[in-house]
Amino acid sequence: MVQCEMCGAETSSPNTIKVEGAKLDVCSNCTDFGTEVKDTSSSSGSTKYSTSSSSSSSGGGQSTASSGSTSSSGGSSQRRSDMFDDMDELATDYDDRVRTARESKSLSQSDLANELNEKASLIRKIERGDTLPSDRVQSKLENFLEIELSAEGSSGDDSEWSGGSSTGSYTLGDVVKRKD
């Protein structure tokens, strides 16, 4: 028995359908949610991306893999930067910092919310740790309460982490070859 990938029901004969570009094996009740895929073997070759293991010539696949390992070993001395490197990490005790700073100014949660032009329920959720403040709210809190909500020492954590290229393993970008 196979489990339907839409509803989770057990089915003995799953149908393959396509829903928003994703192929799913579903039960007969869920086939109306997508278009039925007739031939699965021809559609796998017509994808925009292919891996070197599925390429038709094995020599081309090996040259792609060797060039991928060359580029990954060449870049092993430093990891590539991404969009998350520029972002400040929120301190784990941000809720306590906000509450302590608010209480030191002798403000209630609703008073602080009025000063920041935010809802009191948002301040309550932030102080309970139920929600993370948006960048805009974080900036308002830091300026008004004169506190720092960003985590200190996060750069030390980044130096301990090593990407896949330093271990010699491939990333998806090393293996995938785009067909245009």
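**Contacts and helix packing in a predicted model**

Biologist: Leaving aside its neighbours within four places in sequence, which residues is T11 in contact with?

Modeller: This is a predicted model. T11 is found in strand β2, residues 10–11. Set aside the neighbours within four places in sequence, and the contacts of T11 are M1, V2, C4 and C27.

Biologist: Is T11 buried or exposed?

Modeller: The cut-off for buried is under 20% relative accessible area. T11 has 11% relative accessibility, so T11 counts as buried.

Biologist: What separates the C-alpha atoms of T11 and D25?

Modeller: Along the chain, T11 and D25 are 14 residues apart.

Biologist: How many helices and strands are in the chain?

Modeller: The chain has 180 residues, and 23% of them count as buried. Among contacts with a separation of 6 or more, 49% come from residues 24 or more positions apart. The chain holds 8 helices and 7 strands.

Biologist: At what angle do α4 and α6 pack?

Modeller: Two packed helices are described by the angle between their axes and the distance between the axes. Helix α4 covers residues 109–116, and helix α6 covers residues 135–145. Their axes are 10 Å apart, and the packing angle is about 105°.

Biologist: Which word describes how α4 and α6 lie to each other?

Modeller: Angles of 65 to 115 degrees count as roughly perpendicular. The angle here is about 105°. Therefore α4 and α6 are roughly perpendicular.

Biologist: Which residues of α6 meet α4?

Modeller: From α4 come L112, E115 and L116. By class, the contact of α4 with α6 has 5 nonpolar, no polar and 2 charged residues. The residues of α6 that meet α4 are K140, L141, F144 and L145.

Biologist: What lies over the face of F144?

Modeller: F144 is one of the α6 residues in the contact with α4. A charge lies over the face of its ring, at 5.4 Å from the ring centre. The residue is K105.

Biologist: How many aromatic pairs does the count come to?

Modeller: Rings pair if their centres lie within 6.5 Å. By this rule, the number of aromatic pairs is 0.

Biologist: How do α3 and α5 lie to each other?

Modeller: The axes of α3 and helix α5, residues 120–128, come within 7 Å. They cross at roughly 125°. That angle is why α3 and α5 are described as oblique.

Biologist: Which residues of α5 make the contact with α3?

Modeller: On the α3 side are Y94, D95, V98, R99 and R102. The residues of this contact divide into 3 nonpolar, no polar and 5 charged. The α5 side is made by I126, E127 and R128.

Biologist: Is R102 buried or exposed?

Modeller: R102 is found in helix α3, residues 94–104. Beyond the neighbours within four places in sequence, R102 is in contact with L107, S108, Q109, L112, E127 and L145. At 8% relative accessibility, R102 counts as buried.

Biologist: Where is S150, and which residues does S150 touch beyond four places away in sequence?

Modeller: S150 is found in the loop between α6 and α7, 154–160. At 10% relative accessibility, S150 counts as buried. Not counting residues up to four places away, S150 touches D88, E89, L90, A91, R97, Q138 and E142.

Biologist: What separates the C-alpha atoms of S150 and Q138?

Modeller: Q138 is one of the residues that S150 touches. The two lie 12 residues apart along the chain. Their C-alpha atoms are separated by 9.1 Å.

Biologist: What separates the C-alpha atoms of E89 and A151?

Modeller: E89 is found in the loop between α2, 58–74, and α3. At 47% relative accessibility, E89 counts as partly exposed. E89 and A151 are 62 residues apart along the chain, yet their C-alpha atoms are separated by 5.5 Å.

Biologist: What is the phi of E20?

Modeller: Most residues other than glycine have a negative phi. E20 is in the loop between β3, 15–19, and β4, 22–26. At 84% relative accessibility, E20 counts as exposed. E20 is not a glycine, although its phi is positive, at about 50°.

Biologist: What is the phi of S106?

Modeller: S106 lies in the loop between α3 and α4. With a relative accessible area of 65%, S106 is exposed. S106 is not a glycine either, yet its phi is positive, at about 55°.

Definitions and conventions. Residues are numbered from 1 along each chain as its sequence is written. This is a predicted model: local features need pLDDT of at least 70, side-chain atom pairs count only at pLDDT 80 or more; totals for chains, interfaces and linings use all residues. Side-chain values use heavy atoms; hydrogens and water are left out. Rings of Phe, Tyr and Trp (its six-membered ring) pair if their centres lie within 6.5 Å; planes under 30 degrees apart count as stacked, over 60 as edge-to-face and the rest as tilted. A charge sits over a ring if NZ of Lys or CZ of Arg is within 6 Å of the ring centre and within 35 degrees of the ring normal. Axes are lines fitted to C-alpha atoms, for helices over the stretch in contact, and angles run from 0 to 180 degrees between N-to-C directions. Helices (H or I, at least four residues) and strands (E, at least two) are DSSP runs, numbered from the N terminus. Angles under 35 degrees count as roughly parallel, over 145 as roughly antiparallel, 65 to 115 as roughly perpendicular and the rest as oblique. Contact means heavy atoms within 4.5 Å. Ala, Val, Leu, Ile, Met, Phe, Trp, Tyr, Cys and Pro count as nonpolar, Asp, Glu, Lys and Arg as charged, and the others, Gly among them, as polar. Buried means under 20% relative accessible area, exposed over 50%, partly exposed in between (1.4 Å probe, protein chains only).
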